[in-house]
Amino acid sequence: MKPLIETIVKALVDHPEAVAVETREEETAVIYELSMHDDDIGKVIGKQGRTIHAIRTVVYAAAAGSPKRVIVHVKEKG
C-alpha cells in the first residue's frame, strides 16, 4: 500500500524527493501519514479536499479485502 500512495503523491507534487509515507499499525487500523514539502501540501489536499479524497478512495479500494481499516492522513508542518 505504501508504494501505491508514494507513486500517486509523487506524481502530483513539485518536490517528489520530499515525499515520505510513515506507516503505523494499530489494533484495528493501519495509518499512513503523508509528509511533504510545505509548498506541496495544497496540491495534495486540493480544492475543498477533492484531491486527498480521491487518493483515499483509491487506497481504500486497493485495501478492500484487508481485515484492518486503512487511514490516510496528511501530516501538517508546524
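Predicted model: local features only at pLDDT ≥ 70, side-chain atom pairs only at ≥ 80, totals over all residues.
Me: What makes the protein chain as compact as a globular protein of its length?

Reply: The protein chain comes to 3 helices and 3 strands, in the pattern α-β-β-α-α-β along the sequence. Its radius of gyration is 12 Å, and the globule rule gives 12 Å for 78 residues; the two values are close, so the chain is as compact as a globular protein of that length. The C-alpha trace spans about 35 × 20 × 20 Å along its principal axes.

Me: Why are E1 and E3 called edge strands?

Reply: The 3 strands form an open sheet in the order E1-E2-E3, with mixed pairing. Strand E1 (20-25) and strand E3 (69-74) each pair on one side only, and these are the edge strands. From one strand to the next, the twist averages 20°.

Me: How do you know that E2 and E3 are paired?

Reply: Pairing requires at least two bridges between two strands.

Me: Why is Lys 43 said to form a salt bridge with Asp 14?

Reply: The closest N and O atoms of Lys 43 and Asp 14 are 2.2 Å apart. A salt bridge requires a nitrogen of Lys or Arg within 4 Å of a carboxyl oxygen of Asp or Glu, so the pair qualifies. Lys 43 is in helix H2 and Asp 14 in the loop between helix H1 (2-12) and E1, so the pair, 29 residues apart, links distant parts of the chain. At 36% relative accessibility Lys 43 counts as partly exposed, whereas Asp 14 is exposed at 51%.

Me: What keeps Asp 40 from being counted in a salt bridge?

Reply: For Asp 40, the nearest side chain of opposite charge is Lys 43, 4.4 Å away. The cut-off is 4 Å, therefore Asp 40 has no salt bridge, although it is buried. Asp 40 is placed in the loop between E2 and helix H2 (41-45). Beyond its neighbours within four places in sequence, Asp 40 is in contact with Val 13, Asp 14 and His 15.

Me: How do you know that Glu 25 is exposed while Lys 68 is partly exposed?

Reply: Exposed means over 50% relative accessible area, and buried means under 20%. Glu 25 has 56%, so it is exposed. Lys 68 has 26%, which lies in between, so it counts as partly exposed. These two residues form a salt bridge, with the closest N and O atoms 3.0 Å apart. Glu 25 is in strand E1 and Lys 68 in the loop between H3 and E3, 43 residues apart.

Me: What makes Glu 22, Arg 24, Glu 26, Glu 33 and Lys 75 one network?

Reply: They are joined by salt bridges that share partners. One of the salt bridges in the structure is between Arg 24 and Glu 26, whose closest N and O atoms are 3.7 Å apart. That distance is within 4 Å, so the pair meets the cut-off. A search of the whole structure finds 6 salt bridges.

Me: Why does Gln 48 count as exposed?

Reply: Its relative accessibility is 73%, and the cut-off is over 50%, so Gln 48 counts as exposed. Gln 48 lies in the loop between H2 and H3. Although Gln 48 is not a glycine, it has a positive phi of about 55°.

Key. Residues numbered from 1 in each chain as written. Heavy atoms only, no water. Helix = DSSP H or I, 4+ residues; strand = E, 2+ residues; numbered from the N terminus. Axes fitted to C-alpha atoms, helices over the stretch in contact; angles between N-to-C directions. Buried < 20%, exposed > 50% of the residue type's maximum accessible area, 1.4 Å probe, protein only. Lys, Arg positive; Asp, Glu negative; His and termini not counted. Contact = heavy atoms within 4.5 Å. Rg over C-alpha atoms; globule rule 2.2 N^0.38 Å.
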